[in-house]
Each structure stands twice: as C-alpha cells, then as structure tokens.
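Good morning, colleagues. Please keep the structure in view as I speak.

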Amino acid sequence: MEATAAEQPSTAIEKVEDTTTATSAAAAVAETATSTKEEEESTTTFRHWDQTNQKVVVHNVLKFLRPKEVTKLTKEWLSGKEHLNINIIKTKKPPKDNWIKVTLEKESMVEPFIQLINTGGEDGQPITNARGGKMFAKRANEIHSNDRGGGGSDNNNRKRKDRENDDNNNDNSKRNRAAPSNNRILTTEEVRDAIIPLWRLPYEKQLDVKAKEMVHKCAMKIIKQIKGKFRNLEQEAKRNPQMSPPKLYDWVEQKRAIEMESVVPSPRQYEYRNKCEFTCGYLHSKVVEEATKEGGEDGDVVDEDKSAADAVAKNEEPQEAAVTETIRKTPAAGFLPQGWNGGVYLPHGLQNMPDWSCGLADIFNEFLATSSIPPYDSKVHRGIWRTITLRCSLRTRECMVIVVHAPAGGGAGARECGSDDYSTVFESEKQRLVDMLTKDVIPTPSRDLPDGYKKEEEVIEGEGIKVTSIFFQEFVGLSNPTPEHPVQHVYGKTCLEEQLGKCTFQISPGAFFQTNTEGAEVLYDIVGAEVLYDIVVNRIKEVTKNPQDTLLVDVCCGTGTIGLTCLKEGVVGKLVGVDISKPAIADAVINAKKNGYTESETTRFVASPAEKVLPEEMKNIPKSCPVVAIVDPARDGLHGVVIRTLRCNERIQRVVYVSCNPTGTLARDGAMLCTPPTKKYPGRPFKPVMAQPVDMFPSTKHCEMVMTFDRMSEEEYEKYHGKE
C-alpha cells in the first residue's frame with residue numbers, strides 16, 4: 001500500500017505534464033496554422049506590386065551574350081507567336097551564366113511562355129540555342145537559387161537545406177558564431193561609428209584621411225584611366241596598320257600629374273547640417289523583468305531571503321529569480337544604422353546634428369508614440385508615416401518641415417480587409433501634428449554627446465527658431481519620391497529663404513541646396529558653403545578677361561546659387577542655367593529677380609535634363625561670346641552627351657567640376673574629358689590644372705572636390721596629334 005501511495009503523486013504529475021504538453025502542442029499547431037494563413041494572405045495581397053510570379057528562367061542559353069543579342073533572341077522566341085499575347089518587359093542575363101531570367105507583363109503569360117520554350121521547337125521539341133542545345137524554362141519561384149538566379153538539381157538543394165538545418169541545430173557552428181543578433185541594440189558609440197565614422201579622430205587627422213583618399217582614389221584613379229585609354233589605342237593600332245596611336249601626354253607622365261591642394265577645412269566642425277532627414281520606424285529598447293515568485297493556494301509572495309536561507313541550511317544551491325529580456329518597440333523617427341531590422345536610432349548622440357533638428361525629432365516622436373496611425377514598414381509596405389525632412393536657416397530664422405506619408409487608405413501592401421485604412425482619423429492626426437510643431441519655438445533637447453565635447457561658440461541674433469512652413473507629401477511608391485513629386489502646403493510660408501554671401505535664395509521643398517551653411521554663424525563670417533563658392537569664383541575669375549562679355553553655362557545649377565554668386569561677384573556678365581528639377585529652376589528664376597537680375601538677356605534657366613537641351617543651348621550662343629562652364633552634378637555624374645558637348649565646343653576654355661562623388665563619377669568623367677579625341681568624344685581634350693578638396697561634412701568620410709580642367713592649346717594638341 002505504501003508503494004502504491006508513493007506512486008500516486010508521480011502519476012498525478014505525469015498526467016499534469018501530459019496535459020500541459022498536449023495544450024502546448026495544440027497551441028503550437030494553432031499558432032503555425034495562423035502563421036501559415038497570414039503568409040498566404042500576405043502572398044496574395046502583395047502580388048499587385050511584387051513581380052516574382054511573373055518571372056521565368058530559361059536555361060541552356062549560350063554564355064557571353066551582349067544585351068542587344070539577348071533582346072534579339074527573345075524577339076526570335078516570340079516571332080510569329082503574336083496570338084499568344086506574350087509581352088516581355090525585362091530580361092536579366094549574367095554574361096558567364098547559361099540562363100536568362102525573363103519578366104513578363106502579366107502572370108497569365110507565364111504558362112504559355114513556358115509551354116512555348118519547352119514545346120515550341122520542331123515536332124513539339126524544346127526550342128534550341130544556336131549550337132543545337134535544347135533549352136528549357138521553369139517558373140523562377142520554383143527554383144532554389146541564389147541572387148544570380150541560377151538553378152540546381154533537387155538533390156543539391158536538399159543537401160544544401162540539410163546543411164543549413166545542421167548549422168541551425170549546432171550552437172557552435174561558424175554561421176551562428178558570425179551572424180549578429182537582430183535583437184542586439186547598438187550603443188551610442190556604435191551608432192556614431194556607423195553614421196559619422198571619423199568622429200573619434202581629431203579634426204586635423206580627419207583632414208589627413210580625406211586628403212590621402214582624394215589623392216589615391218580620385219587623382220591617381222583619373223590618371224590610371226587615361227593611361228588605360230592610351231593602351232587601348234595602342235592595341236587598336238597593332239590591329240590596324242593605317243592607324244598611328246598618339247603619344248602619351250607629357251603631363252600624364254609627371255610624378256604629380258594632378259596637383260592636389262590641401263583640404264579646405266569646414267568653418268564649423270559640429271552641428272553644421274541645415275537639412276536632416278529622419279525615417280519613421282520603431283525605436284528598440286530592452287525591458288528586463290524579474291518573474292514574481294508565488295506560493296501556496298492563496299498565491300502569497302514567497303520570502304526570497306527565507307527561501308535562500310533554507311537552501312543553505314539544506315546544503316543546496318539557492319535558486320535565482322527568473323529574469324526575462326524583451327525588446328520593446330516604440331514608434332519613432334531617426335536613422336537606420338542597422339537597416340530596417342535593427343530599428344531606428346535617435347540623432348541626439350551625433351555631433352553633426354544641430355540642436356534644432358533633435359528638438360523637432362523629440363516633438364515628432366512624441367506625436368508618433370501617441371498616434372493611432374502606425375509608421376510605414378518598407379518590408380511589407382504597410383503603415384502610413386514614412387519620413388520627415390527638416391530644413392532650417394539660422395540667418396533668416398526659418399524652418400521647413402516636410403512629412404512624407406503613404407495614402408491614408410493604406411500603403412502598397414495594404415490588406416484587402418481594410419484593416420490598414422486610416423482615412424477616418426488621418427486628417428485629425430495631421431492637424432494634431434501641425435499644432436504640436438507650431439505651438440512654440442523649437443525646444444532645446446537633451447543630448448547624449450561624447451565626453452569632452454565642447455559646443456562651438458554661437459553668436460545668434462534674434463529669437464528662437466520656429467517652424468515657418470509645413471508640407472505633407474503623399475507617396476504610394478516602394479522607394480522614395482522624386483524632387484518633382486507634388487506636395488501639399490498646410491501651414492505658413494511656401495518656401496524657405498537663405499542668405500548666402502551677397503545673395504538671398506528661395507528654397508522650395510524639392511530643391512537642392514548645400515547642406516552645410518555653417519550651423520551657427522559668428523556675425524557675418526564666411527559660411528561653409530561659401531568656402532566652396534569662393535573657390536569656384538576664383539577659378540572663373542582667372543580666365544575671364546572681359547567679365548561683362550563672358551557667359552557662364554551652369555550645368556545642374558539647382559536653385560542658381562553658384563551662377564548667381566558669380567554674377568554678383570562680377571566675374572561673368574551672363575548666365576545660362578540648366579537643371580532637371582522643375583522646383584529648383586522655378587526657385588532659380590525667383591532668386592535671379594530677388595538679386596536684381598530681371599532681364600532675360602542676363603539670366604536664363606531651363607528645366608530639363610542637361611543632355612537634352614545643352615547641345616542646342618550651345619548652338620544659340622554667339623560665336624564671339626567667350627564661355628566658361630560649371631558642372632555640379634548629382635552623385636551619378638555627367639551624362640555622356642554633356643561630356644561630348646563640352647569637348648566639341650572649343651570656345652569653352654575652362655570647365656570647373658564641383659563633385660560630391662570625387663572617388664566615383666568625377667574620376668570617370670574627368671578621364672573622359674582628358675583622353676584623346678574619338679568619334680564619340682571629339683574635340684581637343686582638357687587637362688586638370690587644379691584639384692581642391694573641401695570638407696563639407698566633418699566626422700564623415702565624404703568630401704567635396706572642385707577640379708578645374710583647362711582646354712589643351714592648339715600648339716600642344718598638334719605636338720601629339722599633328723595638324724587636323
């Protein structure tokens with residue numbers, strides 16, 4: 001009887017464990033079913049913007065096909081098959097692979113296209129390639145592939161899956177050791193390392209780092225590309241006996257072919273930005289909770305000290321209280337140093353961010369934390385609030401806020417059930433945000449700056465800064481809106497005014513303006529952007545013998561800052577500005593009038609891509625008029641047509657290239673301006689005579705470059721190429 005009685009508690013415990021296990025299993029099954037259902041709904045919902053189901057991979061295609069040959073091949077497949085109504089909108093063909101990934105206009109075209117490839121040959125056989133090999137097609141989403149789109153056998157895929165499962169089950173595997181946890185929250189120092197990586201270095205050391213990079217990755221890169229062009233011409237001459245390759249230019253062979261000046265330091269090292277853009281998402285924070293120990297039928301709290309003493313008396317290890325760590329996600333706006341999975345981080349610990357931007361971030365984050373409308377999630381394209389762009393002028397005491405949001409009815413991935421529709425509350429929430437932003441002057445935030453940080457001296461006249469204009473911008477796309485995308489003006493002025501040197505400029509929401517005009521000026525000292533403009537003005541002044549007769553062609557002119565500054569300084573007499581941004585050109589026209597240039601003969605601004613209008617604009621310039629060109633392109637650099645136009649018009653004796661991407665597109669474009677003439681790029685080449693780096697972004701790796709190119713003289717050209 002004693003044995004039976006002793007076994008009863010054990011049996012009872014086993015029954016409880018069985019019940020608990022069964023309950024857990026049922027919950028797990030239910031959770032899995034719910035998850036599967038959500039995934040199915042997600043897949044169905046997203047098909048209107050995701051093209052995965054419209055893609056087909058065609059295998060056994062010949063390697064090393066050029067883009068024109070790929071286009072020709074796909075047209076041959078569809079030739080005579082117009083009745084199938086198949087339309088190919090995009091192709092991808094890596095040169096070294098034997099497959100083509102085809103994107104069709106509609107998913108309904110996929111099966112007929114696969115049928116065409118697999119049975120469209122002779123006698124119902126697959127279509128063959130040029131060597132007689134049979135091709136075959138499969139849906140892209142049926143193939144386990146890497147980013148290059150290639151396929152593999154099912155056995156290989158199973159083996160790879162097994163290896164992945166083994167790695168996942170092995171805590172000591174290389175994959176698990178190397179992969180960072182998505183839940184890890186960065187420290188403030190790690191955020192600085194990601195966004196302003198040079199912040200640990202003294203400013204003099206930062207300038208040294210940037211100077212070396214400009215020499216090795218810009219100047220030497222240009223020379224390397226020019227020498228490569230000469231080598232190509234030598235190879236062509238060996239194949240064509242009638243062709244004589246030009247001699248390598250003497251200036252290219254010099255030890256310091258491009259003379260690099262010292263980096264011009266920024267007048268302000270900290271808090272220098274006048275434009276900041278924050279992404280809406282979720283701020284991650286750790287929450288540590290200690291589990292409550294309860295005992296007895298009434299749930300009385302157990303005395304932890306007494307329990308520990310009892311454990312010591314029984315010679316047992318005292319049990320530690322259970323501690324759980326969870327990640328709390330709070331709606332907020334900031335930066336994404338880890339990408340979307342890592343959440344947003346506040347700007348308060350970054351030295352390059354001014355106080356006013358952090359103060360506005362605090363207001364906006366207070367709004368997001370209490371808003372019934374969630375931030376936008378770019379992974380699933382749901383939610384509403386996307387980004388907030390802030391612009392401020394410390395001279396005019398004006399501040400502009402631009403809030404980008406998805407449609408109130410839901411983003412591109414909104415559920416069909418309508419749960420992502422916030423139309424009923426959007427207008428009231430929008431007004432609440434406007435009220436919060438305009439209630440008072442921008443508050444001074446509490447900052448988390450590094451030890452030893454000394455705020456630079458500020459002498460600012462006038463009252464605190466207030467928000468003077470607010471815009472909302474609805475955008476349903478998957479990436480970012482273009483500068484021309486329409487905005488809705490909801491409060492205050494329709495633009496922001498900035499003073500730069502002797503000029504006053506109007507800046508619209510979509511217009512470009514230099515982001516460093518010195519965060520706080522000391523009376524009327526030269527601001528950071530003017531250091532750049534002063535260099536440009538001096539480069540133009542050197543070659544303008546008759547300034548009033550000289551025409552300045554300003555390519556990618558933006559709001560007209562550089563061109564109008566040159567006019568105001570008297571180094572040129574006329575200005576033609578070209579820019580792709582219509583809002584920027586509209587501002588440039590107004591800025592010209594603001595600064596006293598009302599006659600159309602003096603200033604002319606054209607809103608169009610430079611490659612479309614620059615050749616015609618150059619034809620309209622009188623031949624007797626001396627011309628100087630400034631180019632200030634975006635990071636993508638100059639279009640080939642623009643480079644050709646600059647080379648063809650030999651009246652242009654000097655080109656001043658202002659680059660925000662000196663190690664990339666400036667190196668490419670500079671080499672194209674300086675290489676020997678070809679059918680594509682005729683005209684006497686240029687040669688670089690001055691390279692001046694300008695530090696516009698302290699604590700970061702970025703650096704502006706002003707490089708001056710002078711046209712090779714006729715005598716020098718004949719020395720290498722002979723008389724034409």
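**Strand pairing and helix packing**

Strand 1 (residues 55-59) and strand 4 pair in the antiparallel sense, over four bridges. Before going on, I note that this is a predicted model, in which local features need pLDDT of at least 70 and side-chain atom pairs count only at pLDDT 80 or more, while totals for chains, interfaces and linings use all residues. Residues are numbered from 1 along each chain as its sequence is written, and side-chain values use heavy atoms, with hydrogens and water left out.

As to terms, two strands pair if DSSP finds at least two bridges between them. Helices (H or I, at least four residues) and strands (E, at least two) are DSSP runs, numbered from the N terminus.

What is the strand order of the open sheet of four strands? The order is 2-3-1-4, with antiparallel pairing. Strand 2 (88-92) and strand 4 (136-139) are the edge strands, each pairing on one side only. From one strand to the next, the twist averages 25°. Axes here are lines fitted to C-alpha atoms, for helices over the stretch in contact, and angles run from 0 to 180 degrees between N-to-C directions.

Helix 3 (residues 110-119) lies across strand 1, strand 2, strand 3 (99-104) and strand 4, and runs at about 160° to strand 4. Contact means heavy atoms within 4.5 Å.

I turn to a parallel pair. Strand 16 (residues 574-579) is joined to strand 17 (residues 603-607) by five bridges. D579 stands opposite A607 in strand 17.

Next, a helix pair. Helix 16 (residues 640-648) and helix 17 (residues 662-674) pack at an angle of about 35°, their axes being 10 Å apart. Helix 16 contributes I643, L646 and R647 to the contact, and helix 17 contributes D669, M672, L673 and C674.

Finally, is S699 buried or exposed? S699 is buried, with a relative accessible area of 4%, where buried means under 20%, exposed over 50% and partly exposed in between (1.4 Å probe, protein chains only). S699 lies in the loop between strand 20 (686-694) and strand 21 (704-711). Not counting residues up to four places away in sequence, S699 touches I196, P197, L198, W199 and Q206.
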